[in-house]
Amino acid sequence: MEIKATTDNITGIKTGAIIVNHFEGVKQPEGAAADIDKILGGAISNLIKQKDIKGKINEITLLHSMGKLPASKVVVLGLGNKKELTINKVRGAIAEACRYLRGKGVSSIASVIAGEGINKIKTEDAVQAMTEGAMLGLYTFRRYITKKENNFGEIKELTIVGKEKKQVEKAIARGKIMAEAANYARDMVNEPGNFMTPTQMANTTRQLAKKYGLKVEILDRAKMKELGMGGLLGVSQGSQQPPKFIILTYKGRESSEIDLALVGKGITFDSGGISIKPSENMADMKGDMAGGAAALATLTALAQLKPKINVTAFVPATENLPSGTAMKPGDIISAMNGKTIEVLNTDAEGRLILADALSYAAKRKAKAIIDVATLTGACQIALGKICSGAFTNNQIMLDKVVAAANDAGESAWQLPMFEEYREFIKSDVADIKNIGNRYGGAITAAKFLEEFVDKTPWVHLDIAGTADTDKDKGYLVKGATGVPVRTLVNFVLAQVKK
Ligand code: BES
Ligand code: MG
Ligand code: ZN
């Protein structure tokens, strides 16, 4: 889809459909909606009067221009109550309108800047949100559908109408980078496990590195042994697919220091291993590398936005499968930082591979670490699929991550890291064990990870609930969400700004 800016009046644009807005509780069409209303002989004001148009958020009303406008259709898109409008609502509303119009066979759209000036929403932020909303909301994963239905449709062009063309173009470019990065992560997560193996994840990373000028390094099993990565080696030993430890680096300033490490869980399929999962919903576990995908995709955005900061992604990638060579409950392994781990449940594998990756990031003296992982079903039980769980050893850093998440519309909610939780992962035979008791599973998992970051300021995001969604809603489409790519990009940009 091409997204462009124009200063032309929306009433004169020849396109499939134009989008204008209406707010709840407003009696008369305003702005561009008023201009269109006049040309259409009061069609919009009549619908408002008859309460057919209420202006509720995401409300879509389709009108035909009957030859009175160069555009064939008009959508009046509700933006809800003016006082309650947010950037994230703009993102969602535009997505809904774009998907709706695609379903109607429309291939080009022009829209006013939704929400501009309302509730102090800046023009550039509204335009960026519209760009993100359109690109995220129109995302599809149809690579394996061989029947090319010509009625599925595609929006080929979105024109955003604004006064300052340069400013609008800049905001479009930024939104495009953000949405594209999130869609890269979605693509990787939506791929089935038989394609997205650890080797393929490494190859995809190589392709992205080449495209965006990033430095990539892939560690193989021999190197993992040399480094003492007992967690990653242990989890991978039941699988026929060789594990890969993927390291992708963005350098925004002259120095070999790592200012921020992004550590992402890269389990390309989680069967649970010998502690095998029930078959119901097991297919969802192809997405157990969503944290890794997010870390990698974030760097493609940084490579284009060029903040003056060094960020490295560390992604341990492996399958977790049962076999005659698989790890067994009761096995004791040793992580890269030397700590021994009693593996009481082979399905708590994410923390084992992250133990090595966090140790490695700490050893490389990363100044701060954010890890992202589809770590625990418990987190999804606690918070649902609306927000990610956030944990830290550094409150100031966490507050910044949560703020970045809110800006992205990818909210995160802090859960406690009280010392008292530590006792549940005490082992009788090793330094630590990989499961707690029945309760507070997301927290005991985070307490486990904390053992491997040394004293580095660290935030852990548990995205078990937020990495995928079961229905199209706003700018999310069924399948992978791309969470928290835009959060991570926002966080990095905010770090450099100050
Ligand atoms: N990948 C899962 C967590 C998960 C569950 C992600 C549901 C997304 C949706 C993780 O490896 C896992 O299996 N965790 C176990 C831990 C338990 C054995 C302590 C869990 O949450 O059940
Ligand atoms: Mg598991
Ligand atoms: Zn897992």
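Start by selecting Phe245, Phe314 and Tyr360: together they form one aromatic cluster. Rings of Phe, Tyr and Trp (its six-membered ring) pair if their centres lie within 6.5 Å; planes under 30 degrees apart count as stacked, over 60 as edge-to-face and the rest as tilted. By this rule the count comes to seven aromatic pairs.

Before you move on, two notes on what you are viewing. This is a predicted model, in which local features need pLDDT of at least 70 and side-chain atom pairs count only at pLDDT 80 or more, while totals for chains, interfaces and linings use all residues. Residues are numbered from 1 along each chain as its sequence is written, chains are lettered from A and ligands numbered from 1 in the order in which they are written, and side-chain values use heavy atoms, with hydrogens and water left out.

**Two ring pairs**

Next, pick Phe141 and Tyr144. Their ring centres are 6.0 Å apart and their planes stand at 50°, so this pair is tilted. Phe141 is partly exposed at 24% relative accessibility, and Tyr144 is partly exposed at 44%. (Buried means under 20% relative accessible area, exposed over 50%, partly exposed in between, with a 1.4 Å probe and protein chains only.)

Now go to Phe418 and Tyr421. Here the centres are 6.4 Å apart and the planes at 20°, so the pair is stacked. Phe418 is exposed at 51%, whereas Tyr421 is partly exposed at 22%.

**The metal site**

Select the zinc ion (ligand 3). Which protein donors does it have? They are Lys265 (NZ), Asp270 (OD), Asp288 (OD) and Glu349 (OE), lying 2.0 to 2.4 Å from the zinc ion. Donors are N, O and S atoms within 2.8 Å of the metal (3.2 Å for Na, K and Ca); water is not among the atoms, so sites may look incomplete. The six donor atoms around the zinc ion subtend angles of 79 to 175°, which makes the arrangement octahedral. (Four donors count as tetrahedral if all angles lie between 85 and 135 degrees; four count as square planar and six as octahedral if opposite donors are over 155 degrees apart and all others between 65 and 115; anything else is irregular.)

Click Asp270 next: this residue bridges the zinc ion (ligand 3) and the magnesium ion (ligand 2), which lie 3.2 Å apart. Both Asp270 and Asp288 are buried.

Then select the magnesium ion (ligand 2). Asp270 (OD), Asp347 (O), Asp347 (OD) and Glu349 (OE) coordinate this ion at 2.0 to 2.2 Å. The magnesium site is irregular, with angles of 71 to 168° among its six donor atoms. Asp347 is partly exposed at 22%, but Glu349 is buried at 1%.

**Backbone stops**

Zoom in on the bond between Val483 and Pro484: this peptide bond is cis, with omega about 0°. Most residues other than glycine have a negative phi, and most peptide bonds are trans.

Where does Lys365 sit? Look in the loop between helix H10 (350-363) and strand E14 (369-373). (Helices, H or I with at least four residues, and strands, E with at least two, are DSSP runs numbered from the N terminus.) Phi of Lys365 is positive, near 60°, and Lys365 is exposed at 66%.

Finish at Asp454, in the loop between helix H13 (441-450) and strand E18 (458-462). Phi of Asp454 is positive too, near 65°, and Asp454 is exposed at 62%.
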